[in-house]
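User: Hi! Could you walk me through a few helices in this one?
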Amino acid sequence: MKARGSIFWRGKSPLVLASASPRRVALLRQAGAEFIVVDPGPDRAWPGRSEPRHGVRALALDKARRVAATRPNAVVVGADTVVVVRGQRLGKPGSPEEARSMIGRLHGRKHEVWTGVAVVHGDEQRTGAECTLVYFQKLSADEIEQYVRGGESLDKAGAYGIQGLAGQFIRRIEGDYSSVVGLPLARLRQLLSEFA
């Protein structure tokens, strides 16, 4: 029989991921963590005029707190991601037209991907944020159209997923790949170590 815990999470309390994102679930599984998934409910609006580093932390903490309120004995992880290009925040597109517009702003340029992560256990909480620079290739209008028509862009910040078909458009990144996917594993592991 396998021993309880893993190299990623060795705490005695159950680990809960407050996310409906299949990408975040896959990343945490890849890290070898044992956890359960609880959907925190609909995304909340961006917190006022917050800078990206503060906004993603606040939204991640909100998700973790919502789930922690129903699971007081668990250690709950929340995360939130936003793409920033030329000072403009890009969340999830609301339509294919918005997705085309977003990809049109990103292609041929460098942009920032900010992911905030929060851990809540009872009255204790910790948050962190990671910023990764992503360099997009130039794309033709037809390539943008084909990508958006495939449907991959509609549930992702900035209208693309680096782990999917859009990976072929990325020239390089500077920073944490897992943060671009939606869950900065090294930062999360560091935060969890404070709860073990």
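This is a predicted model: local features need pLDDT of at least 70, side-chain atom pairs count only at pLDDT 80 or more; totals for chains, interfaces and linings use all residues.

User: Great, which residues of α6 are buried?
Analyst: Helix α6 spans residues 185–193, and its buried residues are L185, L188, L191 and L192. These four sit on the same side of α6, because they cover an arc of only 125° around the axis.

User: And what is exposed on the other side of α6?
Analyst: There you find A186 and S193, which are exposed.

User: What do the buried residues of α6 pack against?
Analyst: Their partners are the strands β1 (15–17), β3 (75–85), β5 (110–121) and β6 (124–136), along with helices α1 (22–30) and α5 (177–181).

User: Let's switch to α1. Which of its residues are buried?
Analyst: R23, R24, V25, L27 and L28 are the buried ones in α1. Their cover includes β1, β2 (36–37), α2 (52–68), β3, α5 and α6.

User: What happens at the start of α1?
Analyst: A side-chain oxygen of S21 comes to within 3.2 Å of the backbone nitrogen of R23. After the helix comes G32, with a positive phi near 85°.

User: Now V181 in α5. Why does it count as buried?
Analyst: Its relative accessibility is 12%, so V181 falls under the 20% cut-off for buried.

User: Which residues is V181 in contact with?
Analyst: Setting aside neighbours within four places in sequence, V181 touches R23, L27, I162 and Q163. Of these, R23 and L27 are among the buried residues of α1.

User: How far apart are the C-alpha atoms of V181 and V113?
Analyst: They are separated by 9.3 Å, with the two residues 68 apart along the chain.

Key: Residues are numbered from 1 along each chain as its sequence is written. Side-chain values use heavy atoms; hydrogens and water are left out. Buried means under 20% relative accessible area, exposed over 50%, partly exposed in between (1.4 Å probe, protein chains only). Helices (H or I, at least four residues) and strands (E, at least two) are DSSP runs, numbered from the N terminus. The arc is that of the directions from the helix axis to the C-beta atoms. Contact means heavy atoms within 4.5 Å. A polar contact is a pair of N or O atoms within 3.5 Å; within protein, one must be able to donate a hydrogen and the other to accept it, and residues adjacent in sequence count only if both atoms are side-chain atoms.
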